[in-house]
Amino acid sequence: MITIDRTPWRPAIRHLGADQWIAAIGDVHGHADLLAALHGALSAEIAAARPAEATVVHLGDLVDRGPENRRTVALARAGVPGAHSVTLMGNHEERMLAELAGSDPPHLRWYAMGGRELFAECGVAPEAGWQAPLRARFGADLVDWLAGRTRLHRLGPLVFVHAGIDPDRPLADQDPHTLAWVRETWWHHPGPYPEDVAVIHGHVPVAAVDLAHPRRIAVDTRAHETGVLTALVVHGDRMCTLATRRRDDAPGRAERPR
């Protein structure tokens, strides 16, 4: 069973227009059941709020580590009813696409960091000539769609990326690798960020979403280990989180970290 947790509204990290609504979904990693439930919850929020403009941003890392990578990507591509959909390129999508372009056999690092589950889902062995059958079984249309994903989305004073930014470079001149891969060098930067934006991101796992930080919010709650997938919702001058949680007694639950 999947339940939905919702935090109370609080002042937004940056204010949008009164009729602007946006949600950012953290790293899914192949747990399509959690994503489908979260899409449903967000659709209900949009219907209740009735904003003039609604957007749902998937922050990347749709694939690897989980059992339903193909369905997860298909859900992201389909989007949420009532909202414009944006999907960002995560480092796991980037690595998957790079491997499909010609590593034979796949690099052990990618295989160990999540590719193993993707191969198992597609019923493909990680041996010479794996690329064509994996692409076909995953779905060439979905692979090509992933390859076209952007790395940064901005709505007014909010910037959405998978991993982070380089605070010492203009937003228009960010390194694509930084947007998908950066961790510590940005995480510990005191700020401020260019144009005084706030950054909403995944990639860096957190036990709980910290809504008190003045410049950034991380929403990767390690769905593949905790069974919790989180979205940040900003509507006008307020924000909250919505999370789908797989109950411990549900079939196929993710193992809790020890």
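Predicted model: local features only at pLDDT ≥ 70, side-chain atom pairs only at ≥ 80, totals over all residues.
I started at Asn 69, where a polar side-chain atom sits 3.0 Å from the backbone oxygen of Gly 66.

**Entry 1, Asn 69.** I looked up where Asn 69 belongs and found it in helix H2, which covers residues 69–78. Is Asn 69 buried or exposed? Its relative accessible area is 0%, and since the cut-off for buried is under 20%, Asn 69 counts as buried. I then listed its contacts, skipping residues up to four places away in sequence: His 29, Gly 30, Leu 62, Val 63, Asp 64, Glu 117, Leu 118, Glu 121 and Phe 138.

I placed His 29 in the loop between strand E3 (20–25) and helix H1 (32–49). Its relative accessibility is 2%, so I logged it as buried. What does the side chain of His 29 have 2.9 Å from one of its polar atoms? I found the backbone oxygen of Val 63 there. Leaving out residues up to four places away in sequence, His 29 touches Asp 61, Leu 62, Val 63, Asp 64, Arg 65, Gly 66, Asn 69, His 92 and His 224.

I followed one of them, Met 96: not counting residues up to four places away in sequence, it touches Val 63, Trp 110, Leu 118, Phe 138, Val 143 and Leu 146. As background, nonpolar side chains tend to be buried together in soluble globular proteins.

I checked H6 (residues 140–147) for burial and got Leu 142, Val 143, Trp 145 and Leu 146. Looking down the axis of H6, I see the buried residues within an arc of 160°, so they line one face of the helix. What covers them? The cover includes H2, strand E5 (84–87), helix H3 (91–100) and helix H5 (131–138).

I went looking for exceptions.

- The peptide bond from Gly 191 to Pro 192 is cis, with omega near 5°. I located Pro 192 in the loop between H8 and strand E8 (198–205).
- Arg 50 is not a glycine, yet its phi is positive at about 50°. It is in the loop between H1 and strand E4 (53–58), and I logged it as exposed because its relative accessible area is 70%.
- His 203 has a positive phi too, near 75°, and is a residue other than glycine. I found His 203 in strand E8, buried with a relative accessible area of 4%.

His 189 is in the loop between H8 and E8. With a relative accessible area of 22%, it goes down as partly exposed. One polar atom of its side chain lies 2.9 Å from the backbone nitrogen of Gly 191. Apart from its neighbours within four places in sequence, His 189 is in contact with Pro 167 and Asp 168. I noted the spacing to Asp 168: 21 residues apart in sequence and 9.8 Å apart in space, C-alpha to C-alpha.

I picked Val 182 in the loop between helix H7 (176–181) and helix H8 (184–187). Val 182 is buried at 11% relative accessible area. Setting aside neighbours within four places in sequence, it contacts Ala 163, Gly 164, Ile 165, His 177 and His 203. Val 182 and His 201 are 19 residues apart in sequence, with 11 Å from C-alpha to C-alpha.

How much space lies in the largest pocket? I have it down as about 270 Å³. Its lining is made of 18 residues, and those nearest the centre are Ala 207, Ala 208, Val 209, Thr 221 and Thr 230. The elements giving two or more residues to that lining are strand E1 (2–6), helix H9 (223–226), strand E10 (228–235) and strand E11 (238–246). E11 gives the largest share, three residues.

Methods: Residues numbered from 1 in each chain as written. Heavy atoms only, no water. Contact = heavy atoms within 4.5 Å. Helix = DSSP H or I, 4+ residues; strand = E, 2+ residues; numbered from the N terminus. Buried < 20%, exposed > 50% of the residue type's maximum accessible area, 1.4 Å probe, protein only. Polar contact = N/O pair within 3.5 Å; in protein donor to acceptor, adjacent residues only side chain to side chain. Arc of directions from axis to C-beta. 1 Å grid on protein atoms, 1.4 Å probe; cavity = no way out; pocket = protein on both sides within 12 Å on 5 of 7 lines; lining within 4 Å. Points joined across faces, edges and corners; volume = space filled by probe spheres on them.
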